[in-house]
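Work through the following exercises with the sequence and the 3D view side by side. Try each task before reading its solution.

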Amino acid sequence: MRNGSIRRNLNLLLSLGLMLAMVLAGCAPAAPSAPEAAPGAPEAKVYRIAFSVPAMSFPFFVHMEKQVRDEAARIGNIEIITLDGQDSTTKQVADLEGVIAKGYDGLIVSPRTSEGVAPVIQQVIDAGIPVVTIDRRAEGVTGLLAHVGADNVLGGEEQGKALVSLFPEGAKIFELLGTPGASPAIDRSKGLHNIIDPVGNIEVVCQQTGNFNRDGGLTVTENCLSSNPDVQAIVAANDDMALGALEAVRAAGLNIPIIGFDALPEALLAVREGAMYGTVEQFPGGQSRTALQTIVNFIVKGEKPANDVILLQPKLITLDNFEEAERIGEIPQ
């Protein structure tokens with residue numbers, strides 16, 4: 001009896017031990033997950049870069065700003081602060097003084113005019129903030145990281161070549177100039193005259209500034225038509241003025257070639273419909289992405305560009321090469 005009792009007691013103890021093991025196994029924690037970041041670990045630095053343009057009322061700069069923001073999102077840890085100059089040199093100068101006061105990490109700027117904005121750009125550089133100019137140059141400034149833009153002289157030459165091709169026997173034209181003192185206005189007119197002046201039979205019968213805006217283009221064209229109703233073509237330093245000229249020409253019942261500059265979607269649509277002959281593509285999206293990449297590489301890695309002037313090659317967009325326009329996807333179908 002005694003041995004049987006001992007065996008029963010041992011079996012009971014084994015059963016209890018097995019049950020206890022099963023209970024403990026059921027209460028065991030799950031396999032550990034990946035460890036969380038330690039409290040207080042430093043976050044990646046976010047770099048604040050100001051993007052200053054003459055005016056966000058210009059569709060060209062709206063597109064540029066979108067491209068800069070898209071590229072910033074692709075790179076990551078970049079905050080873009082847009083500074084709208086509102087087509088006022090005084091406002092843009094004040095904005096750039098604020099860049100210094102707020103200690104931004106970098107500045108991408110398209111100066112409204114070189115003479116008016118260059119001095120404050122120099123102050124930004126002297127304050128130790130890297131600067132890239134885009135689209136429009138700032139003459140006389142030293143220490144710029146880079147200038148990124150299109151070769152506006154070559155763009156103006158493309159307009160001139162088109163005129164010579166369209167009118168081998170000569171023609172009377174209007175030239176709508178951009179904002180006085182703005183480098184694109186100066187360079188595009190220079191390029192145009194590089195081609196038409198030596199030919200000698202393209203006569204500019206009216207040359208006025210439309211200040212790069214549509215209302216200006218409309219008004220200038222109306223004024224020029226009053227004294228030169230037999231004009232045969234119009235060349236504008238940007239598409240906004242070209243589209244304003246188109247309104248005036250239509251109102252006058254005329255159908256003449258108009259050549260713009262910027263390849264805005266609305267201008268491309270006019271080219272596709274035959275209302276404008278062409279527009280110069282200067283690849284603003286490419287300019288924007290290149291400018292941001294250039295300044296970020298310097299801020300983050302200390303890398304300077306191989307060349308401090310980076311120019312994209314413009315081309316005239318007509319029906320013959322319409323598919324080459326950068327913003328063709330934005331045109332209503």
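**Exercise 1: a residue in a helix**

T221 has its place in helix α7, where helices (H or I, at least four residues) and strands (E, at least two) are DSSP runs numbered from the N terminus. This is a predicted model, in which local features need pLDDT of at least 70 and side-chain atom pairs count only at pLDDT 80 or more, while totals for chains, interfaces and linings use all residues. Residues are numbered from 1 along each chain as its sequence is written, and side-chain values use heavy atoms, with hydrogens and water left out.

Task: Decide whether T221 counts as buried or exposed, and find which residues T221 touches, not counting residues up to four places away in sequence.

Solution: Begin with the scale, on which buried means under 20% relative accessible area, exposed means over 50%, and partly exposed lies in between (1.4 Å probe, protein chains only). T221 counts as buried because its relative accessibility is 0%. Next, look for contacts, meaning heavy atoms within 4.5 Å: beyond the neighbours up to four places away in sequence, T221 touches F174, L176, I234, A245, A248 and V249.

**Exercise 2: aromatic rings**

Task: Find how many aromatic pairs the structure holds, and name the geometry of the pair F58 and F61 and of the pair F60 and F61.

Solution: The structure holds 2 aromatic pairs; rings of Phe, Tyr and Trp (its six-membered ring) pair if their centres lie within 6.5 Å, and planes under 30 degrees apart count as stacked, over 60 as edge-to-face and the rest as tilted. F58 and F61 form a tilted pair, with 6.1 Å centre to centre and 45° between the planes. F60 and F61 form an edge-to-face pair, with 5.3 Å centre to centre and 80° between the planes. Together, F58, F60 and F61 make up one aromatic cluster. As for burial, F58 and F61 are both buried, and F60 counts as buried because its relative accessibility is 5%.

**Exercise 3: residues in loops**

Task: Locate T113 and N77 and state whether each is buried, exposed or partly exposed.

Solution: T113 sits in the loop between β3 (106-109) and α4 (114-126), and counts as buried at 11% relative accessibility. N77 is found in the loop between α2 (59-75) and β2 (78-84), and is partly exposed, with a relative accessible area of 43%. The phi of N77 is near 60°, a positive value in a residue other than glycine.
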